[in-house]
Amino acid sequence: MSDWPMSELHWLSAAEAARAFAARRLSPVELLTALLARIERLDPTLHAFTRLDADAAMDAARAAESEIASGRLRGPLHGVPVGVKDIIDVAGLPTTCHSKILLDNVARADAVVIAKLRQAGAIVLGKLSTHEFAIGGPSFDLPFPPARNPWNPDHHPGGSSSGSGSGVCAGLFPLALGSDTGGSVRNPASACGIVGLKPTYGLVSRRGVFPLSYTLDHVGPLTRTVADNALLLDAIAGHDPADPGSAATSARYFGSMLDRGVRDLRVGFVRHFHELDKPAHPEVTAAVEDAARVLQAEGAEVRTVSLPSLNEFAAVNRVILCSEAWSIHAPWLRSRPGDYGKLSRQRLMPGAFINAGDYVGAQRRRLQMIAAVEDLFNDCDVLLCASSMDPASRIEDAQETARTYPRQARTPFNVTGHPALAMMAGLASNGLPVSVQFVGRYFNDATVLRVAAAYERGTEWHKRRPPIG
Amino acid sequence: MDKALIAKLAQAAGLDKALANFPDDVAVAAEQALGHRETIAWPTDPAVEPWPPMRAGSGP
């Protein structure tokens with residue numbers, strides 16, 4: 001029997017739920033029942049799901065309950081529900097990429113990250129809304145409606161992992177997988193006030209994940225707490241010899257330093273991103289500056305550093321992304337352009353007009369940008385900067401969404417591959433979250449999570465809940 | 001970009017259907033493609049290679 005009131009079960013973190021299962025104070029069936037009731041109530045407004053797999057999830061919860069009762073713990077996520085962005089293959093379910101193009105594309109096998117989640121005991125709850133092919137959105141001309149922001153459903157929840165952010169934020173599930181090619185894990189984390197990590201390039205397998213850009217794609221965790229983020233990363237990280245971008249690294253135990261604090265860590269503060277390159281909303285500026293003060297108060301040394309401009313990082317990102325995405329989508333764009341949404345057509349066709357010299361040139365410039373970030377890490381342990389420069393706009397205001405979406409500081413770390421985490425750093429006066437970003441050395445994702453955990457303890461923004469009931 | 005040039009490039013890329021049915025989207029895409037050129041500090045040193053380089057495995 002549960003120790004928690006049914007009305008509060010949906011706010012349990014994954015770590016709390018797993019501990020409660022192991023101690024027999026809560027069962028996976030009880031938790032899933034509470035979450036399904038909440039999904040039934042809230043998802044008609046939020047549209048986090050493209051496909052809820054309630055029956056399979058309940059079967060898995062019953063199996064987990066039985067296994068745990070008999071003392072057979074499968075892993076640290078045994079019995080914990082997870083939502084999956086609908087560009088990631090789950091065997092037997094369609095991977096639609098939120099597109100008419102792939103409505104009948106039933107996955108024959110689990111993506112590597114899903115297989116790893118199942119090994120850790122997690123329960124796949126269903127497939128989650130995304131911008132079409134992780135690029136075209138938020139849009140109203142697709143087969144499924146766009147996800148909405150639990151802090152105010154009139155506003156977008158960020159993207160492209162929009163259902164992942166919305167659902168975690170609203171307490172529909174404690175864990176979700178997203179993907180990040182130009183910021184698509186960290187954008188919903190910023191807009192929804194949760195924690196989203198783009199791991200080091202190559203740390204998490206992309207096999208079984210529909211590609212957008214081979215150079216820039218990452219799979220990453222979205223959660224409500226930093227500890228849960230480390231827990232989910234532990235479950236999905238690891239070398240995959242069948243993923244050409246996968247790194248043979250021994251990096252693991254990403255939560256091992258969460259309690260160490262930041263005393264004596266050297267933090268490089270990239271102020272020009274939000275002060276000069278894309279001047280931020282005043283409440284975002286205040287939150288990012290306050291984050292620097294919080295880390296200083298916890299014992300870190302904060303110094304101002306600089307990198308190439310955000311506009312240049314964004315341009316390199318777009319040339320590479322558009323070129324590689326065109327090589328993937330050209331056959332469908334030629335034969336079925338009307339089956340894409342308008343934003344996808346506009347964002348995927350530029351690759352047809354970029355010449356080979358520009359693509360290779362952008363890849364060469366990327367090498368220099370990597371060197372610039374690596375230079376900073378000679379004297380810094382972690383970087384601090386803004387994530388989104390504005391709170392989320394109204395979802396039906398296409399003009400304002402088009403203006404604010406590119407005002408962000410996430411693409412630099414898709415270009416360079418360094419681990420980068422965005423998390424809530426306050427609430428703007430309109431009641432929507434603002435955010436901050438931490439960046440680390442390659443395969444030092446644990447240090448990024450360590451700094452995020454120290455910031456979380458110092459601020460407690462993670463305890464705020466959206467007013468959605 | 002000149003409309004006639006966009007049309008020629010789109011046709012060369014096989015985008016005839018898109019050009020016929022969604023000419024505005026094709027134009028937006030073409031403008032976006034060229035919009036990045038001025039922003040990037042293109043490397044001038046020929047020794048700057050793309051990264052990562054080809055990986056040829058570990059050998060015999």
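Chain A comprises 15 helices and 11 strands, where helices (H or I, at least four residues) and strands (E, at least two) are DSSP runs numbered from the N terminus. The structure is a predicted model, in which local features need pLDDT of at least 70 and side-chain atom pairs count only at pLDDT 80 or more, whereas totals for chains, interfaces and linings use all residues. Residues are numbered from 1 along each chain as its sequence is written, and chains are lettered from A and ligands numbered from 1 in the order in which they are written.

The radius of gyration of chain A is 20 Å, close to the 23 Å that the globule rule gives for 469 residues, so chain A is as compact as a globular protein of that length. This radius is taken over C-alpha atoms, and the globule rule is 2.2 Å times the number of residues to the power 0.38. The C-alpha trace of chain A spans about 60 × 60 × 45 Å along its principal axes. Of the 469 residues, 63% count as buried; a residue is buried if 20 or more other C-beta atoms lie within 10 Å of its own, exposed if 12 or fewer, and partly exposed in between, with C-beta atoms placed from the backbone. Among the contacts in chain A with a separation of 6 or more, 77% are made by residues 24 or more positions apart, two residues being in contact if their C-beta atoms, placed from the backbone, lie within 7 Å.

In helix α5 (residues 162–169), eight of the eight residues are buried, including A:Ser162, A:Val168 and A:Cys169. A:Gly171, which follows α5(A), has a positive phi near 75 degrees. Helix α9 (residues 282–297) has 16 residues and reaches 22 Å from its first C-alpha to its last, close to the 22 Å expected at 1.5 Å a residue; the expected span is 1.5 Å times one less than the number of residues. Within α9(A), the residues A:Val284, A:Ala287, A:Val288, A:Ala291, A:Val294 and A:Leu295 are buried. They lie on the same side of α9(A) because they cover an arc of only 115 degrees around the axis, the arc being that of the directions from the helix axis to the C-beta atoms. The face turned away from this buried side carries the exposed residues A:Pro282, A:Arg293 and A:Ala297. After α9(A), A:Gly299 takes a positive phi near 110 degrees.

Strand β11 (residues 433–440) of chain A is mostly covered, with eight of its eight residues buried. In a regular strand the side chains alternate between the two faces of the sheet. In β11(A), A:Pro433, A:Ser435, A:Gln437 and A:Val439 are buried on one side and A:Val434, A:Val436, A:Phe438 and A:Gly440 on the other. Strand β9 (residues 382–385) runs antiparallel to β11(A) and is joined to it by four bridges, while strand β10 (residues 420–427) pairs with β11(A) in the antiparallel sense over seven bridges; two strands pair if DSSP finds at least two bridges between them. A:Phe438 is the bridge partner of A:Leu384 and also of A:Leu421. In the hairpin of β10(A) and β11(A), which has five residues between the strands, A:Gly431 takes a positive phi near 85 degrees.

The contact between the chains takes 30 residues from chain A and 28 residues from chain B. On the side of chain A that touches chain B, α10 (310–335), α11 (342–348) and α12 (356–376) each supply at least two residues, and the largest share, 11 residues, comes from α12(A).
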